[in-house]
Amino acid sequence: MIINKNSVVLTVAVMLGILYACVTPRSANQGTSSQQSGSYREQHRPQFHFSPATQWMNDPNGMVFYDGEYHLFYQFYPDSNVWGPMHWAHAVSKDMVYWEHLPIAIYPDSLGYIFSGSAVVDWNNTSGFGINGKPPLVAMFTYHNVKAEKAGRSDYENQGIAYSNDRGRTWIKYSGNPALVNTSNHKDFRDPKLVWDDDSKQWVVVLAVGDHTEFWGSPNLKKWRYLGEFGKELGAHGGVWECPDLFSIKVAGTGEKKWILIVNLNPGGPNGGSGTQYFVGNFDGKQFIPDPNFAQLVPKGKGMWLDWGKDNYAGVTWSDVPSKDGRRLLLGWMSNWEYAQIVPTTVWRNATTLPREMVLKQTQDGYRLYSQPARELEKLRATPFQMPATTLSEPINLTDKTGFSPAQSEWMLEFIPPVGSNVRCGIELSNEKNETYRIGFDAAKNQFFSDRTNAGNHAFSDKFANNVHISPRFSKDNTVRLHVFFDAASAELFADDGATLMTELYFPSTNFSRIKIFAEGGDVSLAKCQGYLLKRIWK
Ligand code: FRU
């Protein structure tokens, strides 16, 4: 959200904030009741994606793995289904698939709302917050001070820290907050992502500062010094930079280590509104130095996108996933600030994407970050379906063949379009009202498309379904692989083994119940067509 550019949202938020502060007594367990009242059977409710039981959510926050649990904190407003004074709500999971809601973890206070941030395990108790020889969890978040903002100050975003010694169940705010004071002269100074840099033996935090990122370093998570900055002259700049992430990763199949800098921005995404770009390079303990070939790809004004759909934003990765696992796992917010506050749900609003594993590959075109669905998602597979390879000259209707509804399903398709053909092929969902959603590949344009222009309710926003969303294809393989997850209100496409992603919402007036595999403009070989009904995750 661009708070400074969107005055309507801001005014409403400030009014709600004042009202909230005046009339709402806080109780330590307020999150619990609101988190337990949803039925999870409402229209459009995601059945295998995380969503809050009730009320508003945006960015995932504080993602850290500790003692067998993946923690997910998230931007939450317990008193409404639109954005308001931000809290960190909390859920835990053993597998990133099945989630347990916990009480709200961090409440706003006199220093401000609790905006996005991250959490780490302080293994060596550098902070001194730990007790009984156990490492504390330490979270860093942005204090967004609305009073200071209204008073016309520019230093109203500062970073606070809090710690937990009981596996994230309760959090104590540091008495010296704000731990990292805004001396930047920028009003946008937020969304700290903490990382331990083993080479420079220090904590590093990356912050989003308007049109660039800043790196700060610390020996103990409490005292911070400025290290460097990156990004004013590279990458997409159609909006304000938000929610960065910085992590090292091995190039697949090699021992080579690279650093990835993820930068979310809003607006300016590839199909409009919010989007997530990334850079490949190195971090030298002070600065991020982009790989020279990668830098050429992303001159100022051009982004390399982690996801080309409209509905993946604010994604960052889990900290402290054990090295014997070794994966870098990301979760995004499955929405877009263009319409997140007015999508047609009322009990709750918004959900996360599926968890994704980041894989850095050295391709013919240079380094590229691939995303693959986390393998734990295979647990969701119920009834399987498979059909023999065939040539597709007209659509194949699978509705009666699969024996299950596609509204909650996973598909693995392989198409081989003839070289030089104009074929458009893919998968189509529809319902009794003839609302349809299509996702697939256009051979003539060498691009993927997601078409929700006739997929149900889009009256709430003229930016939701005003055009077909597209993504270029990077793979040069003859076989086009589509791996797609459909939930009640979303599609996630992992194409070409994760080289291209598209995450897209839709709101059919009744669940999609029919499914077709289609090819238009010529024959195409369908080398694989496999699907699964997926289980729901809520009891
Ligand atoms: C991104 C964002 C962050 C901010 C939070 C406020 O969606 O705007 O920059 O911390 O949301 O809720």
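How many residues of domain 1 are in contact with how many residues of domain 2? In this predicted model, 30 residues of domain 1 touch 33 residues of domain 2, where contact means heavy atoms within 4.5 Å. Residues are numbered from 1 along each chain as its sequence is written, and side-chain values rest on heavy atoms, with hydrogens and water left out. Because the model is predicted, local features need pLDDT of at least 70 and side-chain atom pairs count only at pLDDT 80 or more, while totals for chains, interfaces and linings use all residues.

The protein chain is assigned domain 1 (8-337 + 348-373) and domain 2 (380-534), with bounds from an automatic or database domain assignment. Taken over C-alpha atoms, the two domain centres are 31 Å apart. The secondary structure comprises 5 helices and 34 strands; helices (H or I, at least four residues) and strands (E, at least two) are DSSP runs numbered from the N terminus. The C-alpha trace spans about 70 × 50 × 45 Å along its principal axes. For 539 residues, a compact globule would have a radius of gyration near 24 Å, and the 23 Å of the protein chain agrees with this; the radius is taken over C-alpha atoms, and the globule rule is 2.2 Å times the number of residues to the power 0.38.

Back at the interface, the two domains bury about 2600 Å² between them, 58% of it on carbon and sulfur atoms. Buried area here is the accessible area (1.4 Å probe) that two parts lose on being put together, summed over both. His44, Phe48 and Trp308 supply 26% of the area that domain 1 buries against domain 2, more than any other three residues.

The side chains of Asp311 and Arg452 form a salt bridge at 2.8 Å, N to O. On the side of domain 1 that touches domain 2, strand 21 (residues 366-373) gives the largest share, 5 residues.

Some backbone details also deserve a look. The peptide bond from Asn177 to Pro178 is cis, with omega near -5°, and Pro178 sits in the loop between strand 8 (172-173) and strand 9 (190-197). Another cis peptide bond joins Asn266 and Pro267, with omega about -10°; Pro267 lies in the loop between strand 14 (257-266) and strand 15 (275-283). Arg167, although not a glycine, has a positive phi of about 55°.

Conventions. A salt bridge is a side-chain nitrogen of Lys or Arg within 4 Å of a carboxyl oxygen of Asp or Glu.
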